[in-house]
Amino acid sequence: MAALAAGDQTFWLDASPFLSSVCDELGVGELVHGENFSLFEAMSALEIMDPKMDAGMATTGFKTFEEAIESGAAPIQLTIPQLVDVFDHMFACEATWQNGHALAQTVFSCLYLLNVERTAPNALLHAFCRSTRATCSMIRTAIALADIHEEEDFVTMAYGLPVEGDGDSKCLAQLNTVEEVVARQLRGCKGSSTTKKKGFEDAEPLQDDPALEEGYCLAVLCRLRFRKALYHSLTYMDKPQGRGLEMARKHIAIALSELQNIRSSSAFLSFGQAPDPSTESKERGSTASGRVAIGFDESVNRRLLAPTPPRSINIFTWDDTLAYFEKLLQDLDRICCLPMTLGLEEIMLFVVDYQKLKPDLFARARLQLLLLHDGKLLGREPLAIALVKVFNVPQNVMTCDHQTQAFTTQSARVTQHLLKIMCTNTAWQRRKLGRILQDWGNLLQQTKVTRDVPLESDEVTTVPDEVMQTENILTAWAAEQTCWVVRQYLMLGFQLDLYSLSEYCMVYWYLDHVLLSTLHYKLAKESQTSPTLDSPDSVKKKGKKKKGVATVKQPGSTPKDGKFTYSILLLQCYSDLCKGFIWMLTALTRDRKLVHRDTIFNTEQERFFQRFDVLHKLMIPAPMSYFHFKDSTSQLHLSVKELYQLSYDHFMAVQQHLQELGASAAKAPELSAVSRTQWAIEVKQMEQVSLRNRVALQIVHQAGPGDNLRVSFEFSQHPCYPVAVVKKS
Amino acid sequence: MEALGLQGLTMIPEGDYREALLESDDFDSRSLNKSVQLDDAAKPIVKKARRLLYRRLKVGVEDGRLFVGKFHCLDKQGNIILYDTVEFRNVSTGAGGFAPVEQRVLGMVLIPSRCRTSCHVECSLAEQLDLLSISSS
């Protein structure tokens with residue numbers, strides 16, 4: 001090594017003394033460098049021996065797997081308490097991995113997993129390792145397929161780790177075998193304790209102390225069963241078209257109950273362990289017993305992390321691990337509840353609602369795979385066909401009109417993209433939504449273009465009414481969807497805490513505008529029988545109409561079913577909430593009860609532009625300028641008290657709409673159970689928002705000039721609509 | 001990552017920096033940035049040190065690894081930056097006479113002077129005398 005060969009004609013000459021004398025002569029800050037040197041690039045140099053950058057730094061641990069095995073770090077014959085510790089730590093590693101840490105530092109820090117074949121003599125360990133590896137592989141594949149881990153910490157690359165092994169598919173059989181053995185053991189020791197018959201020949205006891213035998217049997221058994229149920233539920237969820245969802249739910253239920261057993265076994269396992277602070281450096285270990293599991297070594301894989309700097313990571317604590325799996329299983333269970341008969345619109349609502357649970361990456365990946373299996377909606381039908389159902393246009397138009405077909409193909413592509421985006425994490429989702437807005441804008445443009453063409457060319461003067469009507473429907477659909485995306489884009493800003501208090505007013509103002517546009521196109525789409533509804537004109541109309549007081553359009557004589565009125569009423573509620581907030585915020589600001597932080601870097605107008613610039617590129621919802629906003633919210637002729645009253649009226653209107661909502665929900669039998677519960681929660685939240693804000697409004701309304709009241713807003717009831725909190729300052 | 005025998009080293013192509021080296025003294029004075037131009041009359045030993053730029057250096061560090069890369073930069077504190085660096089290290093502590101060397105390509109690295117244990121420069125037999133004189137001056 002020391003004699004590392006130089007080139008053919010060259011040799012190594014010791015330069016240390018020379019360099020040290022150069023250093024002495026160099027001035028402070030002076031560098032010896034060539035013309036290709038730049039300080040900026042030099043910043044990216046890996047610093048050798050810096051523990052945060054230098055992955056190759058020699059550490060105290062083992063350098064290779066073989067070395068670790070030779071030194072006996074991972075014995076195959078383990079006592080049962082040791083084995084349970086290994087199981088527990090493995091669960092903790094899995095949870096840590098799924099939360100964005102490298103495989104090499106988490107799951108594969110387990111020396112047993114690095115060479116599963118080695119563990120064959122220990123049947124329990126072997127079965128557990130195999131199924132762990134199979135489960136991890138399934139999770140990894142699902143996340144990679146869904147392709148939504150961009151911007152998240154999850155690394156799908158395996159870096160040469162033995163992620164997949166032959167015969168892992170047989171892990172179930174092995175699990176079953178060992179489970180049976182342990183179960184028999186448990187029965188045996190139960191029997192022996194009741195009948196006082198010592199020593200049964202059936203099987204060798206798992207460990208020495210007969211008094212503890214039952215507890216250990218239970219502890220091992222629930223862990224094995226949890227593993228099995230987890231594996232089962234994942235395989236069933238993998239089945240296309242949701243065919244395995246029912247079975248998956250069953251296994252998720254088992255897994256959850258076994259998780260409870262695991263939790264309750266902690267007390268038994270940690271018995272007699274806790275009061276020993278001298279040996280226990282960490283306060284809370286990653287195992288139920290609190291001991292450090294053997295057979296794990298992070299440094300073995302150090303070299304596999306190659307160019308990335310090794311991170312120092314904390315493996316989840318035992319409590320966190322259990323909590324993680326519990327949440328994951330509940331989130332998965334929610335996915336399994338998704339009825340396979342849902343239409344596109346309801347699916348969208350489901351996803352939005354699902355995101356409110358803040359599901360983890362794997363759950364979201366699973367949802368996306370279910371929704372878009374093979375590029376088909378729910379693996380059932382291509383999106384284009386699903387869209388045709390949504391459009392509900394006459395069959396003969398669909399088959400004859402090429403433009404309609406082209407439009408459908410195009411919208412299927414954009415819709416698929418939208419669905420995929422909605423399964424990403426909310427921050428990323430908002431950014432992506434901003435970007436695909438343009439696609440929706442183009443789609444809208446397309447409907448307008450296709451409609452204009454046959455009108456201009458004279459030979460097709462006999463455009464059948466049906467085609468005209470179809471175009472209207474398509475335009476209305478595209479417009480409604482665009483509005484929906486914009487609305488989602490604006491609302492996510494609240495969930496992500498992007499807006500400052502001084503911006504709330506403008507955001508609600510714009511949101512209200514978007515909501516009214518949505519409402520308008522929804523009505524236009526439904527009232528397909530009335531050809532008078534001409535969208536571009538009505539956009540202009542709305543611009544004027546929406547100013548000021550609540551002019552909620554009534555659907556008039558449009559045909560409507562229960563579900564339809566339901567969503568209309570819901571939109572009206574949202575819109576009234578927005579209006580309530582607009583006036584409340586305006587009034588509070590004028591009343592100096594709301595403390596805005598001064599913004600020295602930009603004006604309100606600039607902020608308005610920054611917030612809504614992306615929306616100004618769209619035709620629908622019609623772009624609104626800052627002056628529109630100022631114009632409609634200043635209302636100088638109204639006094640503060642009157643503004644409070646106005647706001648109060650709007651919140652009151654929400655209350656009324658919500659009651660109607662309840663009534664119409666009862667009349668909508670085709671509503672799926674999932675959507676029904678979803679809406680029930682939403683209604684409840686809105687009721688609270690409306691109620692509490694009315695109370696706050698009453699307080700500020702009655703307050704005299706002497707009371708120093710301060711109002712702040714909290715998103716305690718609804719993610720997008722806050723509740724005003726009044727305090728004396 | 002694979003463990004290679006020592007012969008793997010000879011496969012590292014030698015840069016064609018020799019031509020550049022010959023005229024390095026000339027371009028130093030005109031083309032380098034401000035800090036260099038300021039002291040145009042750099043000390044002779046610093047000028048000589050510049051002649052080592054682009055040459056291969058072999059730097060050993062405390063934990064036994066060797067870094068072979070092209071000399072990129074040196075500061076007063078003795079920290080060295082190398083580019084196109086390859087790291088070599090003994091893997092096994094095994095008893096056998098054969099000690100496999102593991103190597104990996106790192107690109108640009110900064111080796112702080114505090115952990116540097118050795119430093120060698122590659123030179124041809126013909127240059128040896130010249131460089132030795134540098135070393136002694």
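This is a predicted model: local features need pLDDT of at least 70, side-chain atom pairs count only at pLDDT 80 or more; totals for chains, interfaces and linings use all residues.
**Exercise 1. Find A:Leu378 and A:Arg592, and decide for each: buried or exposed?**

Step 1: Start with A:Leu378, which lies in the loop between strand E5 (376-377) and strand E6 (381-382) of chain A. Its phi is positive, about 55°, although A:Leu378 is not a glycine.

Step 2: Count its neighbours. A:Leu378 has 20 other C-beta atoms within 10 Å, so A:Leu378 is buried. The rule, with C-beta atoms placed from the backbone, is: buried at 20 or more other C-beta atoms within 10 Å, exposed at 12 or fewer, partly exposed in between.

Step 3: Turn to A:Arg592, in the loop between helix H20 (562-590) and H21 of chain A. A:Arg592 is not a glycine either, yet has a positive phi of about 60°. With 12 other C-beta atoms within 10 Å, A:Arg592 is exposed.

**Exercise 2. Describe how H18 and H21 of chain A pack.**

Step 1: Take the angle and the distance. Helix H18 (residues 501-526) and helix H21 (residues 604-612) of chain A pack at about 45°, with axes 11 Å apart. Axes are lines fitted to C-alpha atoms, for helices over the stretch in contact, and angles run from 0 to 180 degrees between N-to-C directions.

Step 2: Name the arrangement. That angle makes H18(A) oblique to H21(A); under 35 degrees counts as roughly parallel, over 145 as roughly antiparallel, 65 to 115 as roughly perpendicular and the rest as oblique.

Step 3: List the contact residues. H18(A) brings A:Glu503, A:Met506, A:Val507 and A:Tyr510, and H21(A) brings A:Arg607, A:Phe608, A:Arg611 and A:Phe612. Contact means that C-beta atoms, placed from the backbone, lie within 7 Å.

Step 4: Sort them by class: five are nonpolar, none polar and three charged. Ala, Val, Leu, Ile, Met, Phe, Trp, Tyr, Cys and Pro count as nonpolar, Asp, Glu, Lys and Arg as charged, and the others, Gly among them, as polar.

**Exercise 3. Which helix gives the most to the side of domain 2 of chain A that touches domain 3 of chain A?**

Step 1: In chain A, domain 1 is 65-330, domain 2 is 341-498 and domain 3 is 505-528 + 539-598 + 610-729.

Step 2: Count both sides: the contact takes 28 residues from domain 2 and 26 residues from domain 3 of chain A.

Step 3: Look at the helices on the domain 2 side. Helix H11 (344-355), helix H16 (426-456) and helix H17 (465-495) of chain A each supply at least two residues. H17(A) gives the most, with 17 residues.

Conventions:
Residues are numbered from 1 along each chain as its sequence is written. Chains are lettered from A and ligands numbered from 1 in the order in which they are written. Helices (H or I, at least four residues) and strands (E, at least two) are DSSP runs, numbered from the N terminus. Two residues are in contact if their C-beta atoms, placed from the backbone, lie within 7 Å. Domain bounds come from an automatic or database domain assignment.
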